[in-house]
Amino acid sequence: MAHARIDRFEAGRRWTQDYELELPPQSTVLDLLFEIQQRLDQTLSFRYSCRNWMCGSCGMLVNGREQLACRTRLADLDAPAVQIAPLRNLPVVKDLIVDLAPFFEKWNAVGVAFPDQSQKPIANPQKTQQTIDAHSDCITCGLCYSACDVLSHASDFLGPAALNRAYTLQLDARDVAHQKRGATIAADGGVFRCHSMGQCTNVCPKGLDPLAAIAALKRGA
Amino acid sequence: MEELETDILVLGSGGAGLMAALYALDTNPKLNVTLATKGLFGKSGCTRMVQGGYNVVLSPNDSTERHFQDTMLGGHWLNNHILARTLVEDAPVVVHEMWEKAGVRFARDKDGNLHQKGLAGQTFDRTVHHGDLTGIEIVSRLSEQVRARGTRILEECRAVDLLVEDGEVFGAVLLPARTGEFIAVRAKITVLATGGSAPIFSVSSASLEKCGDGYALAYRAGATLMDMEMSQFHPTGLVAPGSRFNGSVIAEELRAAGGHLYNSENERFMGKYNPRFEKATRDEVSRGCYFEIAAGRGTPNGGVWLDVSHLGAKAVEELFPGMLERCFLIGRDLRKEPIEVCPTSHFEMGGVRIDRDCHSDLPGLLVAGEDSGGVHGANRLGGNGVADSTVYGRRAGLRAANTALERRMKKVDPSRSISAALSPWERTGGEQPQALHAEFRDVMWTKVGVVRDATAMSEAIDALQALQQRIDHVSVTGSRAYNLTWQSALDVRNAVTVGQMVAQCALIRQESRGAHYRSDFSSEDPSWTKNLTVRLESGQMRFGEQEVVREPAAAR
Ligand SMILES: Cc1cc2nc3c(=O)[nH]c(=O)nc-3n(C[C@H](O)[C@H](O)[C@H](O)COP(=O)(O)OP(=O)(O)OC[C@H]3O[C@@H](n4cnc5c(N)ncnc54)[C@H](O)[C@@H]3O)c2cc1C
Ligand code: SF4
Ligand code: FES
């Protein structure tokens, strides 16, 4: 028997709701939510798409920690009850669904800029490309954004994911906005806000290390 | 009700939708482009989940003619020749432009050239990739570019119906999940890029919001669809009973690298069906697995065993880190033990009939990517899917930009679409849409799945008819905002329409070809080298035939 406590939110009202249900042994948190929604409570809302930790739609707090619901098995939680809440540092829209707009505004602020130079292919030196690769494959799930203590009191901080992306772009020879981005990175909401607590790196489901990216930017910024 | 006007309305944010928006804007930055997508922008759809990679001719030792031949052979000559030719000829340009324009990174070899690997059905190693996360890279980079250009993005906002008058399309009715309040969007050109319908079958690899919306929307608008019987199954979906994880793809590379398939009697059975064993094409391996399971030689959970442990733990870790992790989630260690797999619904070859510039039969409606039919014929090669969505997405964008200003805007009354979508709210105590949806998917899987015959399909068609009627009695409760049950009620309506097209066309095609296998007509019949079409006429689903489109002799 699984026991779930879920933070609910709708139209300005906040409450916690308990559910109990039987589930097959392999169930993930995403399965649990689907079963509750279909069998017990039609009004529960959450997000999903790929169910393969590829889209980053299902980020939430599971027993206080940032997790992807589709990747978290109930059996591995080792707790009598599973507590589920929306991600932190982002406005809650309904139940477990948060508004990712601030996250993507910051992503946009570090600016992607590739000129259309169809005639002249440029490749990065191999070593640089390896560093870029090591910091790539972010699925924009926002887990690091939620786990960041700086963001919880300084909402203008660009945050780990955007800065990690900025790092890959600063290294990329094909990009043409290095100077402008460099200024954004060094400005008020930029890298120097980071206290190097490393929660971002701890929670990243893709094994990325935004902390190291920020450290490298600090050295070069 | 909110109303919006835009020059170009793109529906969907997979490879096709993103490329359409990007190329429309870059062709004419003055255009007003709106992109609406059912899931989150750039996070939904199947392009995101592409692992294998992207087929493209880059090497001087390869040729587009060879890629074309492979594609036609894979499609059993049912492909529209002109569309297949365009696919292979545009792909090199598109891959190059993605690298330069959007910064998409593909893996490189030690000389700095794009690394190319081989997938089943190709005579040359021409698949570029980004490890096994090719889709994430393509979609993330393209989304950044679309966002950076200031496109109006309406995410978690599904198209409910196209707005049609006198056979012309003038936009769409949208339903933003967040508010549950409809928006009527008037557009000069609408680009349909909502992807396929793999989840009309109960075991599927696709993203969970998919249900064939695009086919149903185009059908209700009066467009002609083709090849709808051609549903592709990937042979190795992970078996995870009771979990949403069920059906996730276990990559083809496991078989390519020497993985073996066993039945419950510990027999490496593929040799019975094909001399190439596990390296046979997707349809052949899918059927091999299916026959073993049907003959009672399946695993406890209704699959077969896939084993790569003989390759050695180190090799498995190095070659398949993603798959290793995927199997851990169901408590299996790929390095040491076999895993249970079974065929999983993966792709729909059929779709809206288009020409090489993505025109459908309906003026004002362009269609690209999995929503369209004809490129792949009876079977799609691995690596040709994302090539299709980006090549034709780009073409749709260019076409839309060049013709949008010539077209007029028209206000079409959306009230019929809206009241149909709202009807589940008018009842209480009706059926639960999600249960109905699950029942529907089981009918499709058991009666119109990997192996088909007339008896089972006729039963399916009756069952679908009955389900169709029950849809009129579902009810939903709660508030309209982010109401998953209501969304499901809208999904099942479209899914059953698509299921009917698939089942009916599969019954009509009395032969086996590519992905379509009939146990009662088990060989390919040359007289069936033609396409089946389907469209809505006087309120009925009408079926027809057409000659396969060939290239004009002068062109070659
Ligand atoms: C697991 C998996 C692996 C694959 N691997 C490969 C591979 O290695 N190589 C390859 O070539 N192909 C592969 N494919 C196939 C490939 O993903 C598809 O061919 C291609 O990505 C389809 O692109 P698309 O843009 O047409 O649709 P999608 O990428 O599916 O995008 C559809 C978009 O439309 C939105 N949408 C859906 N309904 C509506 C609606 N009603 N209103 C508005 N928006 C809507 C969705 O939310 C989504 O954003 C794979 C498919 C799967 C499922
Ligand atoms: S860096 Fe990691 S945790 Fe942060 S958004 Fe990207 S994938 Fe998620
Ligand atoms: S559903 Fe895509 S990451 Fe969980």
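# Reading burial, salt bridges and a ligand shell

Modeller: Arg480(B) is partly exposed, its relative accessible area being 27%. On this scale, buried means under 20% relative accessible area, exposed over 50%, and partly exposed in between, with a 1.4 Å probe and protein chains only. This is a predicted model in which local features need pLDDT of at least 70, side-chain atom pairs count only at pLDDT 80 or more, and totals for chains, interfaces and linings use all residues; side-chain values use heavy atoms, with hydrogens and water left out. Residues are numbered from 1 along each chain as its sequence is written, while chains are lettered from A and ligands numbered from 1 in the order in which they are written.

Biologist: With which residue does Arg480(B) form a salt bridge?

Modeller: Side chains of opposite charge can pair when their charged atoms come close. The partner of Arg480(B) is Glu181(B), and the closest N and O atoms are 3.6 Å apart. The rule asks for a side-chain nitrogen of Lys or Arg within 4 Å of a carboxyl oxygen of Asp or Glu. Glu181(B) sits in the loop between strands E8 (168-176) and E9 (183-192) of chain B, and Arg480(B) in the loop between helices H14 (454-471) and H15 (484-508) of that chain, so the pair ties together parts 299 residues apart in sequence. Helices (H or I, at least four residues) and strands (E, at least two) are DSSP runs, numbered from the N terminus. Glu181(B) is likewise partly exposed, at 45%.

Biologist: How many salt bridges are there over all chains, and which residues are linked in a network?

Modeller: The count over all chains is 70. One network of salt bridges links Asp133(A), Asp137(A), Arg165(A), Arg105(B), Glu137(B), Arg141(B) and Glu144(B). Elsewhere, Arg220(B) pairs with Asp161(B), with 2.9 Å between the closest N and O atoms. That pair links distant parts of the chain, since Arg220(B) is in helix H5 (residues 213-221) of chain B and Asp161(B) in strand E7 (residues 157-165) of chain B, 59 residues apart. Asp161(B) is buried at 8% relative accessibility, whereas Arg220(B), at 26%, is partly exposed.

Biologist: Which residues of helix H2 of chain A are buried, and what covers them?

Modeller: An α-helix has 3.6 residues a turn, so residues three or four places apart point the same way. In H2 (residues 101-109) of chain A, the buried residues are Phe103(A), Phe104(A), Lys106(A) and Trp107(A). They lie on the same side of H2(A) because they cover an arc of only 155 degrees around the axis, taken from the directions from the helix axis to the C-beta atoms. Their cover, by contact (heavy atoms within 4.5 Å), includes helices H4 (143-147), H5 (149-153) and H6 (160-171) of chain A and helix H4 (134-148) of chain B. After H2(A) comes Gly111(A), with a positive phi near 60 degrees.

Biologist: Which residues come nearest to ligand 1?

Modeller: A residue is near a molecule if one of its heavy atoms lies within 4 Å of it. Of the 40 residues around ligand 1, the nearest are Cys46(B), Thr47(B), Gly52(B), Lys210(B) and Val386(B). H11 (384-403) of chain B gives the largest share of the shell, four residues.

Biologist: Which backbone atom lies 3.0 Å from an oxygen atom of ligand 1, and how much of the ligand does the protein cover?

Modeller: A backbone N or O atom of Ala16(B) lies at that distance, a polar contact in the sense of N or O atoms within 3.5 Å. The protein covers 97% of the 1000 Å² of accessible area that ligand 1 has on its own, by the Shrake-Rupley method with a 1.4 Å probe.

Note on methods:
A polar contact is a pair of N or O atoms within 3.5 Å; within protein, one must be able to donate a hydrogen and the other to accept it, and residues adjacent in sequence count only if both atoms are side-chain atoms.
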